[in-house]
Amino acid sequence: GEVLKNLNKFYKRKEIQRLGAENGLDARLFHQAFISFRKYIMESSSVSADLHIILNDICCGHVDDLFPFFLRHAKQIFPMLDCMDDLRKISDLRLPPNWYPDARAIQRKIIFHAGPTNSGKTYHAIQRFLSAKSGIYCGPLKLLAHEIFQKSNDANVPCDLVTGEERLFANEDSRQAPHVACTIEMCSTNTPYEVAVIDEIQMIRDPARGWAWTRALLGLCAEEIHVCGEPAAIDLVTELMYTTGEEVEVRNYKRLTPLTVLDYALESLDNLRAGDCIVCFSKNDIYSVSRQIEARGLECAVIYGSLPPGTKLEQAKKFNDPDDPCKILVATDAIGMGLNLCIRRIIFNSIVKPTVNEKGEKEIDTITTSQALQIAGRAGRFGSSFKQGEVTTMHRDDLAQLKEILSEAVPPVQAAGLHPTPEQIEMFAYHLPDATLSNLIDIFVSLSQVDGMYFVCNIDDFKFLADMIQHIPLNLRSRYVFCTAPLNRKEPFVCTTLLKFARQFSRNEPLTFDWLCRHTKWPLAAPKNIKELVHLEAVHDVFDLYLWLSYRFMDMFPDAALVRDIQKKLDDIIQIGVCNITKLIRASQSAAAPGTAEVVSEDFPLSRTQRDPRAVSEHQGAASTEALSIAVEAAGLRRAKNVRASRLGGRQEELKSYGRGSLANRLLREGLLTQEMLRQLESEWQDQHRNGRYGFGSKRDDQHSSKETRKKRK
């Protein structure tokens, strides 16, 4: 008892805490080390002779004498304490310009082309790129890199293409051309160029990918660097270039065609006209809106993020073609960059969007001014058949808020992203040979020092993959490469495939075309419902993953050419599915039980379109299908009164009073139904089914508390 009392006294001494901090034990590590040390002393049947003597002495009050033993124990459980100075030096990220000696050896001219969407800023930068003896274009998307690659070669300027998954050479003998268009992560900081173009520079603030813009801006070896993007990034770019001793020339551009925010909302899909684009922020809404448009006898093109680039381009071509009957586009914010579209009017189906914050947590929040401007700016593209653009909302009470968002100034970009390099992680691993890669990254980030102009990008995806393949025996460099593979961790099939790739790689067994065909069950048929379409998109991502790895481990992923061939065929199959998307939705709805899981993706449903009787009319046969129809309408198509947090106060009471049955509960819980709407649904239901009542149970469920709809963490 006396020993325990003295150990606790030791722990609370400010002097001991200060000594701990000097030796690399911050408050959290100090606490963990102490708990372990106390357990070691209290539970060990024998301790070393010198520690035994000290434990007797501390009964006389000499608790400070325990510190050397405590520190020795702490170093056993936290080996990094022994090499803390070295680790701090390795993870010192305060002078990123010094990482690029080749760029620092030349005096570069920086030209910032600043302006909104559709102002010609990128066009002017590209003209300079084409006229240069050599050049590199760095963009955020494969589609943009492809476009510049095509444009250059069409202008008789030989240009190569380099993306994570693809290399195309302008010269038939695969000699490097003097120009290259690449996705920004793939740019070379060792090759000298006359001109470099960095597109969408404001993405330097992106929580996950910002590091790639920082690397390009600080590291490209070009006599002229042309950066294009929002004026909000001017100050940060100027400050960063001040640290490299390079001046920034700013060229401001104004929008080339007028853009009008309308004074009225669309309110009904009956008011759609040729050239309209409805922008949704979830796949659920894409499905339900396109379904309703088809119920009106109209054709629509569909574009969303997880579609392959080829399918996006085909859908864009279909919508742009004046001779095609398809005159309406339903899209996510994937249209914000990378596609040339002839849009007359942008209609925001909702103004809330799922986002990932700087901690990597998923939130649902009102769209930012930057996002709203990027999307709205797609209307009335210069050179298209529409000489001016219009923007509005689907719902009347969203319009005032959209106007407010669009009228606000875009906040200045505050900081540029950074990411640990494989060399830095290798040096960490040398000092900490027993640490897992996930732990190495954690220790790196916790020790890293950055100055105010930079931040360390979130590494959740990297850590997720590191933990997933931790049990597979790989050397560190290979492990690091697998963990930087670009994949969506919410796609189980793609994650499972990466795991199988890594396992076979570790056994030194090449991943052949035949193996991949067996794993993906290729050849695949056209999708018959939404679930099958989603799976085909995942298979396309698996082929992308194979191609990405084939450029890093050519011997182990030897069949890139064959995989590229079947990926093109898969793209065609997905295009067939997307062209028939409303049929797939119908098939999913008729096959699904009232839970609607078959139809709806895991995205939070954001649309609040008015209930459309025409979209329901086909489903009035079976009661179960009718229940599904109401569920889908309620979840995706009914108008939730308001998403603002101010309305959330009474939500809990509504839940308690009107939470009947699991479906009703779920819709209430997610803020998609209100008390009034539920009453109305029940009333409509009773009108249709006087002889019986379906779809709502009577069991109350008081367990669910209200959830914030406007900002909801997952």
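Author: A contact means heavy atoms within 4.5 Å. The model here is predicted. Among its contacts between residues at least 6 apart in sequence, 75% join residues at least 24 apart.

Reader: What makes Phe78 a contact of Leu25?

Author: The cut-off is heavy atoms within 4.5 Å. Leu25 touches Phe78, and also Gly20, Phe30, Ala33, Phe70, Leu71, Ala74 and Leu81, leaving aside residues up to four places away in sequence.

Reader: Why is the set of 145 residues called a nonpolar core?

Author: The name applies because such a set holds buried residues of kinds such as Leu, Ile and Phe, joined through side-chain atoms within 4.5 Å. Leu25, Ile198, Phe482, Phe501 and Phe557 have the most contacts inside this core, the largest one. Helix H22 (residues 530-550) gives it the largest share, 12 residues. Another core, of 28 residues, lies apart from it and includes Ala316, Phe319, Cys326 and Ile351.

Reader: Why is the unit of E11, H13 and E12 called right-handed?

Author: With the strands pointing away from the viewer, a clockwise path over the helix is called right-handed. The β-α-β unit of E11, helix H13 (residues 309-320) and E12 is right-handed, so its path runs clockwise in that view.

Key. Residues numbered from 1 in each chain as written. Predicted model: local features only at pLDDT ≥ 70, side-chain atom pairs only at ≥ 80, totals over all residues. Heavy atoms only, no water. Buried < 20%, exposed > 50% of the residue type's maximum accessible area, 1.4 Å probe, protein only. Helix = DSSP H or I, 4+ residues; strand = E, 2+ residues; numbered from the N terminus.
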